Structure formats: structure tokens, C-alpha cells
Amino acid sequence: MSVPAHEIIVVPAAGEAGRAELRQQCYDVRIDVFHREQGFPLDTEIDDLDETATHFLLRLLPSHTPIGTIRLSVAPDGSYHKLSRLAVAKAYRAHRFGAALVRALHAHVARPATVVCHSQLPVMPFYARFGYAPEGDQFDEDGAPHQKMVVHLPLSD
């Protein structure tokens, strides 16, 4: 199975040209995956982190059809980064685009760095492949069990 031609772009920062349209494409992917497919409440999908977060958009080429996204935010005290809202359209998951998005996020982070994510329990093994380890107890987030997972990215790989 060949991987469709694609690109991962960083959505322009707040105040930069093109941000609103590209960020909306990220939202559209997230709403399709988390709300329509997985049943999470629509009102929890967009939150206060979205305004200042760095959004990555994976899209097919040459059509620029958005099929995946991931979000990177920084803790208020700067002590860690948070990976969140990783979503890939169901029809494209076999192409390992989720892994490509995680690698793009890791490459974007200034190192050394600590990256935290809140993993849904069924996808914990996915994050473990990137070195994420569970920390603390499981908890409910938006009605589903989650696990905090943490990776410490070295200065260089």
C-alpha cells in the first residue's frame, strides 16, 4: 500500500495571514474524529489553548485536502510542552500519518524538552512507541478514561 502524497504544515501563528482558514481546517478534522466518530461533546473540542497553540495540519497533495492534525501548547510556567488533539481521518489511519504528526511535533520543539499528553487508554501503546511513559493515575477527560504520558526529548536524537 503506497502512502498518498502529503505534507505537514505549521499553521501560522496568531495574528499572521492564513491562520484562521488553516486552523479551521484543523478544527474540521478534529470535529470529524472526536465528535462525529468518537462521540465526544462538540462543546469540548475547541478550548482556551487553541488561540495560542501551535497547530500542525496534514493534508493530501496536490488537493490540499486536510486529513490530520496535532496541537502543541506550552505550560503556563514553560516547564513542559503538551501534545494534544492528535486526529487523523479514519480512511487514512493505515498510512501511519499519526506517527508522522508526532514526529513533526517533536521536531518542532526546542530541545531538551519534556512533552506531556493525555492519552485515551486504547492508544497508550501508540505513544509508548515514541518513548512516552505513563505517569500518575488514570483520570476522566470529557467522559472517557485517559492516562497522562510523558516523554523527555534529549538535546538530539
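This is a predicted model: local features need pLDDT of at least 70, side-chain atom pairs count only at pLDDT 80 or more; totals for chains, interfaces and linings use all residues.
## Overall size and fold

Residues are numbered from 1 along each chain as its sequence is written, and side-chain values use heavy atoms, with hydrogens and water left out.

Taken along the principal axes, the C-alpha atoms of the chain fill a box of roughly 40 × 35 × 35 Å. The secondary structure comes to three helices and eight strands, where helices (H or I, at least four residues) and strands (E, at least two) are DSSP runs numbered from the N terminus. Read along the sequence, these elements follow the pattern β-α-β-β-β-α-β-α-β-β-β. Of the contacts in the chain with a separation of 6 or more, 61% are made by residues 24 or more positions apart, a contact being heavy atoms within 4.5 Å. Of the 157 residues, 42% count as buried, which means under 20% relative accessible area, with exposed set at over 50% and partly exposed in between (1.4 Å probe, protein chains only).

## The largest pocket

The largest pocket has a volume of about 760 Å³. On a 1 Å grid over the protein atoms alone, a pocket is an open set of points where a 1.4 Å probe fits, with protein on both sides within 12 Å along at least five of seven lines, and lining residues have an atom within 4 Å of a point; grid points are joined across faces, edges and corners, and the volume is the space filled by probe spheres set on the points.

The lining of this pocket consists of 33 residues, of which Phe34, Leu86, Gln120, Val123 and Tyr127 lie nearest the centre. At least two lining residues come from each of α1 (19–37), β4 (81–88), α2 (97–108), β5 (113–120) and α3 (124–128), and β4 gives the most, with seven residues. By class, the lining has 15 nonpolar, eight polar and 10 charged residues, where Ala, Val, Leu, Ile, Met, Phe, Trp, Tyr, Cys and Pro count as nonpolar, Asp, Glu, Lys and Arg as charged, and the others, Gly among them, as polar.

Arg30 lies in helix α1 and counts as buried, at 1% relative accessibility. Leaving aside residues up to four places away in sequence, Arg30 touches His35, Glu45, Ile46, Asp50, His55, Thr69, Arg71, Arg85 and Ala87. The C-alpha atoms of Arg30 and Asp157, which are 127 residues apart along the chain, are separated by 30 Å.

## Cysteines

A search of the whole structure finds zero disulfides, a disulfide being a pair of cysteine sulfur atoms within 2.5 Å. The sulfur of Cys26 has its closest cysteine sulfur in Cys117, 18 Å away, and this is too far for a bond. Cys117 is accordingly in no disulfide. Cys26 is buried, with a relative accessible area of 0%, and Cys117 is likewise buried, with a relative accessible area of 1%.

## Backbone features in the loops

Two cis peptide bonds may be described here, the one from Leu61 to Pro62 having omega near 5° and the one joining Arg111 and Pro112 having omega of about 0°. Pro62 lies in the loop between β2 (54–60) and β3 (66–74), whereas Pro112 is placed in the loop between α2 and β5.

The loop between β2 and β3 also holds His64, which has a positive phi of about 65° although it is not a glycine, and which is partly exposed, with a relative accessible area of 37%. A positive phi, of about 55°, is also found at Asp142, again not a glycine; Asp142 sits in the loop between β7 (139–141) and β8 (144–153) and is partly exposed, with a relative accessible area of 35%.

## Ala144 in β8

Ala144 is found in strand β8 and is buried, with a relative accessible area of 14%. Not counting residues up to four places away in sequence, Ala144 touches Phe40 and Phe139. Ala144 and His95 are 49 residues apart in sequence and 26 Å apart in space, C-alpha to C-alpha.
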